[in-house]
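Let us walk through this structure step by step. Keep the sequence and the 3D view open side by side.

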Amino acid sequence: MRPRLSFEWLHACSGCEIALLNSGELLLDLLDRVEIVHFPLLMDHKYTSRAGGEGEVHLPEAEIGLVSGGVASEEHQAVLRAMRASCRTLVSLGTCATHGGIPALRNQWPIAAALKTVFAGSEGGTAIPDTILAPLDRVYSIDEQVAVDVSLPGCPPRSESIIEMIAALLAGEPFHLPCKSVCETCPTIRTGKGQQKVRRFLANAEYDPEKTVAEMRCLLEQGLLCMGPVTAGGCGGKDAPLCIRARVPCRGCFGPVRQGGNQLLDMLNALASNGMGHRDIVDRRSLLRFSGAHGLLKPLRERK
Amino acid sequence: MNQVISIHPVTRIEGHARIDIHLDESGQVCDARVGIAALRGFEQFVVGRPAEEIPRIVNRICGICPWMHHLAAVKAIDGCFGVRPAPAGHLLRELCQVLAHIHDKILHFFFLAAPDFVLGPGGDYAVRNIMGLVRQEPELAAQVVRMRQLAQMMLERFAGKAIHPVAGVAGGFAKPMREEERQGLLADSRVLLDFASYALDYAKNKVFSRFCDALQSLGTITTGFLGTVGHQGALRLYDGSLRLMHPDGTTVDFPANEYERYLAEQVEPWSSAKMVYARSWGEGFSLDPDAPRGVYRVNTLARINVCDRIATPRAQAELEEFRGRFGRPAQGTLLYHWARLIELVYACERTLELLADERITDPAVRVPATPRAGRGIGHVEAPRGTLIHDYSTDDNGCITRANLIVGTTHNIAPMNLSVRQAAASLISAGAVDDEMLNRIEMAVRAYDP
Amino acid sequence: MNPQPKIIAFCCNWCSYAAADLAGISRLQYPGSIRIIRVMCSGMVHPEMVLHALNRGADGVMIIGCPLGECHYIKGNEMALARSEVIADTLEDQGFESERFQVAWVSSAEPERLAEIFREMSGRLAALRGAPQVETIAGD
């Protein structure tokens, strides 16, 4: 019997699933080796039998379950718990699942305020549909709700990494990510002397387009806010990080270098320690734009 | 026996949805609703952020069409800052946008929709999917997987990231195209165009030919249409005027920044996705299946209907054949799939046109932008439909307000009507089976929500 | 009202920790709820340590290093100064009143000054409401 895989997506955008589908021939090999028992994007297994059963989620058993997206509603919780119960090994796939991701930016506001903004200005009043939503008080990462066996961050994770991870799990081998930062594989020129001022990305970095990335000066040293030093590496495999290849500074989409890291504090700390003016940053809380779960992003409290 | 039959989740679509079908005492369909449960709240959490960061945040609205949100946002931010992008930057943006349509359409037709047609709408759900397609037609499936990957890798090779792109920036593009990159992309684009033509022929001969009745009848409703057109009414995916067509065939063209005069959003209590209707028709909004009001559709069939012609030769020939068979406007919901493949051919041809433009390798790709207070409205045709990003900024160039109308939003109302029609035509006296339910889902899948 | 605010004080080995020793030997009085943590240099205190302490229920946190220009490691206390600006700025973001954090420079020969600084901090914190609710942080 082939090993069974089960996939779900919660407060997600489907980018992680597309990353898996982008793996080309590797995907075909994988499909040959496993049996997919549940995957709403690709196949028609449903939660309940058609005669209702409101709120129940029945999922088939699987050796490996992969869940993308954060947890933001009661329905997400129900689906996630069903995945945890039915899958022997549970993988949280992608930065939304491991750290909250972009949707956790909403945690800066109380849920009521966010709903009001989204539904304001529509005709038919601002009545917020509640039969469908049942939102939680904030956006959570998966490990805040259930025990997770493997975490693979990335927005999205690298296609090859997803395949490698599944292959390792199928072979019964442990899968660990090296806890290195983006800078580890970044070939840009670092002189050790940065600009004093951090500037907004309103003009392109300085580089010669006919030359490679390795001949470009480090973007952080150029005064652009590159979050490479505080972000988990590997987005470009062993080659240059992807955003750097586009000549654009890193914004931290693989989450912190280690699971419990705080990208805001770490980045401001890195700037301060190197004599760069952290006060020039216009919107510093968005340094947590990918890792706002775990209570890191919360509404500003009023002074008493 | 009042009963509710639920399909949860709707599968082989690009998001989360459920269908609830209400039966009355005699087992007839009295209502059917498509419920969308996802609400992230992007319009809230972009507030207060520097505008030039927004394109890298809102691309995460969708992992299948991130380039669309990325570029609509970039255009809107240019508007806020009062900046005209460098010409090469403008070309590179359109190139990436059109290229991004290609993988999306291959994904939808072959991975999501085709199993219903090639493997049959009934039968074992464990077979009726891409895995089943791989087993039944291994060479076709292998080619499909490779072509999709190729289209994505072209974007990644040139622009760094294919999923959740970063290369579109206020004032232009982050990096220019070198000549050797251009030659590589040209060669790959020709491969994609050949595949697109093959895919459409395959679909016409092996797929659509076996479903002639369903093409015209399943989920079919009568609505208006919204798309984008350019010079001489030619189909446009990247920019142009919006064209709104009334069910009676009359049209009006308007620039995207006047969208609020023509379109209005409405909240219904049973769907977290807002609905949009054509305010300018002056008939209000109603989802009454016998007399819908204000309802229009977007996405491939809509764009094919509203355009007068397509400016690239192979796609134009296909359009003429399509119109010869189905007229204009064509209302058959499953015809979305056919229109999607015509657009696939156009996207490949347009990619080649853009790469052939000498200006695309100009190194001046970005003009610097200065933050200021303003409002900008950017629009593109996403695979799912007309996409509008509307932002306002303060003196520091930070967002004060955002309104986003995503492609699928325009189609929420028509999807509900189509599902109602499909359910009513298939279910009677309370008799329901899995194949019927799947056919009802097919009426949703055509919209590629 | 919190009569005995729990204060975590990171004291650098070469100056302020030595001053604290001297204060002890001299029997100088300061509140017993001050918990001193010896570090080799004030510059090694990462902002996350400060936030961690506050999130876990400390009422206040202090970093006490060598007077500027006298750092045993030359520039460590300058780094501490720069980092303390980061902490002060982000404290309110995280929901803590800025009075809960203080940085000070005390030489090993100033035990009375150290005791005075501790007493002042304790008094300031007692006037604030109770510490915000304890939160667990990922990685614990």
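Strand β14 of chain B (residues 399-405) is mostly covered, with 5 of its 7 residues buried. Buried means under 20% relative accessible area, exposed means over 50%, and partly exposed lies in between (1.4 Å probe, protein chains only). Helices (H or I, at least four residues) and strands (E, at least two) are DSSP runs, numbered from the N terminus.

This is a predicted model, in which local features need pLDDT of at least 70, side-chain atom pairs count only at pLDDT 80 or more, and totals for chains, interfaces and linings use all residues. Residues are numbered from 1 along each chain as its sequence is written, chains are lettered from A and ligands numbered from 1 in the order in which they are written, and side-chain values use heavy atoms, leaving out hydrogens and water.

Now look at the partner of β14(B). Strand β13 of chain B (residues 385-393) runs antiparallel to β14(B), and 6 bridges join the two. Two strands pair if DSSP finds at least two bridges between them.

**Where chain B meets chain A**

Move to the contact of chains B and A. Contact means heavy atoms within 4.5 Å. Chain B contributes 97 residues and chain A contributes 78 residues. Together they bury about 7400 Å², and 59% of that is on carbon and sulfur atoms. Buried area is the accessible area (1.4 Å probe) that two parts lose on being put together, summed over both.

Polar links also cross this interface. There are 37 residue pairs in polar contact between chain B and chain A, both residues at pLDDT 80 or more. A polar contact is a pair of N or O atoms within 3.5 Å; within protein, one must be able to donate a hydrogen and the other to accept it, and residues adjacent in sequence count only if both atoms are side-chain atoms.

Which elements supply the side of chain B that touches chain A? At least two residues each come from β1 (3-7), α1 (42-45), α2 (55-58), α4 (87-118), α5 (130-136), α6 (138-159), β9 (263-266) and α14 (434-445) of chain B. The largest share, 8 residues, belongs to α6(B). By class, this side of chain B has 48 nonpolar, 22 polar and 27 charged residues. Here Ala, Val, Leu, Ile, Met, Phe, Trp, Tyr, Cys and Pro count as nonpolar, Asp, Glu, Lys and Arg as charged, and the others, Gly among them, as polar.

Take one residue as an example. Q44(B) sits in helix α1 of chain B. Its relative accessibility is 4%, so Q44(B) counts as buried. Beyond its neighbours within four places in sequence, Q44(B) contacts W109(A), A113(A), A114(A) and T117(A).

**Salt bridges**

A salt bridge is a side-chain nitrogen of Lys or Arg within 4 Å of a carboxyl oxygen of Asp or Glu. The structure holds 60 of them over all chains. Of salt bridges, 9 cross the interface of chain B and chain A. In one, D44(A) pairs with R445(B), with the closest N and O atoms 3.6 Å apart.

R445(B) also forms a salt bridge with D116(B), at 2.7 Å between the closest N and O atoms. R445(B) lies in helix α14 and D116(B) in helix α4 of chain B, so this pair ties together parts 329 residues apart in sequence. Both R445(B) and D116(B) are buried. Shared partners join D44(A), K46(A), R12(B), D116(B), R128(B), E441(B) and R445(B) into one salt-bridge network.

**Where chain C meets chain A**

Finally, turn to chain C. Here 23 residues of chain C contact 22 residues of chain A. The two chains bury about 2300 Å² between them, 46% of it on carbon and sulfur atoms. In chain C, E48(C), D93(C) and Q94(C) lose the most area to chain A, together 26% of what that side buries. The interface has 3 salt bridges. One of them joins R258(A) to E48(C), the closest N and O atoms being 2.9 Å apart.
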